[in-house]
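This report describes selected local features of one protein chain. Please consult the sequence and the structure shown below while reading.

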Amino acid sequence: MNQDRRVLLKNVQLVDVKKNSIQDNVDILIEGEAIAAVGKFPTCICEEIINCEGLFAVPSLIDMHVHITFNSMVDGEMSLKNISLNLVQAAQNGVCIVRDVGMSPKWTIESVKSTLPEYPLPQVYFSGAPICVLGGHGSEYGTSIEISQVEEWVKSHKEMGYQWIKIMNDPENHSKNFLQKLVLCAHNYDIKVACHTFRKKGIKLAVDSGCDTIEHVVPIENLNELNCKPYYVPTMYSAWLSCRKECLNSISDEAAQYLIEWYELLKGHLSIAIYKGVKILCGTDAGCCPSSFGDIIPEMQILNMFGMSTIEVLQSATINAARCLNCDNKFGSIEVGKYANLFLVSGNPLNNLNHLNNRKIIFLSGVKIKDEVSVPWN
């Protein structure tokens, strides 16, 4: 990509997720992979000038729970050549970052990156293989360690470039001592911890141990005592999909009961958690059957349906997710100096999130990867 290429978007309605407002009729100058200026400018010398009158510019989305090496169509692992297809699907749905929270130990960051083409794809935050209770949930693609191995394992994890650790803590539970030691060691190495859980005991262990994100759930008791400290990634749309008859009829009774219990707990507590101000982020569980990398907007819509306002949902999928990942200096909003990750839609998403489906133009790191209706500037 030519790092000096300049693109000027004229007459944009800019969705400011930090100020909960629309900047009316502004211009956005993209230079190389970054946003160089936002304001009103005379027509300048650019390789491309696009009249975006009537279009709303939205910061690209962040999917906080995916499995890029899994294939939801077969509920198993993908071949090397198909991994990029998951990321392409995410990009075409306006996603600029995915956080991968579980792949088998045979994969490494380098082996995944070796499968990817050079054209722009969403950035990946890696967790590697999850830590599981021996023989427990996820152990078919995860790893099990003893408490005495924690520090050595975390150090090795850091050296391999991982930014996160995923731990499976339901339906089987690790001990409180194990979880506390894991989180403490991880934080000492500047690694964050995501905990898969959904029952009262598992949630309490995750919260008390200081996990950074808690996956697939929201708090189900003692909401006033939690101070909303951890982020929760409920993957609510995935829970709903998983409890459709066509999915339940294809799995064992035991697995079906597990999914039903998960969905019922979420359905009964999500609205309360939202009302109490629990910090919620958007995640699709893409890669795990039946969820896909095109589910980010349905996830946002279902959170809206359960009580989050449109701006709260947009923030959860943009600036708040970027803050959780410690990358809000470059991602999460449309501002000068940040990566030019944005998409233009017809219709104001602050009025109706369904307008996010009306994607007309998508930029990823300054490269236009989708363009349906742009009209050159005369």
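Leucine 344 belongs to strand E15, which spans residues 342–346; helices (H or I, at least four residues) and strands (E, at least two) are DSSP runs, numbered from the N terminus. The model is predicted: local features need pLDDT of at least 70, side-chain atom pairs count only at pLDDT 80 or more, and totals for chains, interfaces and linings use all residues. Residues are numbered from 1 along each chain as its sequence is written, and side-chain values use heavy atoms, with hydrogens and water left out.

With a relative accessible area of 0%, leucine 344 is buried (buried means under 20%, exposed over 50%, partly exposed in between, for a 1.4 Å probe and protein chains only). Beyond its neighbours within four places in sequence, leucine 344 is in contact with residues including Leu9, Val12, Phe56, Ile361 and Phe363, where contact means heavy atoms within 4.5 Å. From C-alpha to C-alpha, leucine 344 lies 45 Å from histidine 174, and 170 residues separate the two in sequence.

## The parallel sheet

An open sheet with parallel pairing is formed by four strands in the order E11-E12-E13-E14; two strands pair if DSSP finds at least two bridges between them. Strand E11 (164–168) and strand E14 (231–233) each have a single partner strand, so one side of each is left without a neighbour in the sheet.

Five parallel bridges join E11 to strand E12 (residues 192–196). Tryptophan 164 has lysine 192 of E12 as its bridge partner.

## Helices H4 and H5

Helix H4 (residues 176–188) and helix H5 (residues 200–209) pack with their axes 9 Å apart, at an angle of about 40 degrees. Axes are lines fitted to C-alpha atoms, for helices over the stretch in contact, and angles run from 0 to 180 degrees between N-to-C directions. H4 is therefore oblique to H5 (under 35 degrees counts as roughly parallel, over 145 as roughly antiparallel, 65 to 115 as roughly perpendicular and the rest as oblique).

Lys176, Leu179, Gln180 and Val183 of H4 meet Leu205, Asp208 and Ser209 of H5. H4 also lies across E11 and E12, running at about 170 degrees to E11.

## Backbone features in loops

The loop between E11 and H4 contains proline 171. The peptide bond leading from aspartate 170 to proline 171 is cis, with omega near 5 degrees.

Asparagine 20, in the loop between strand E1 (6–16) and strand E2 (21–31), has a positive phi near 55 degrees and is partly exposed at 43% relative accessible area. Aspartate 285 has a positive phi near 65 degrees, but is buried at 9%.
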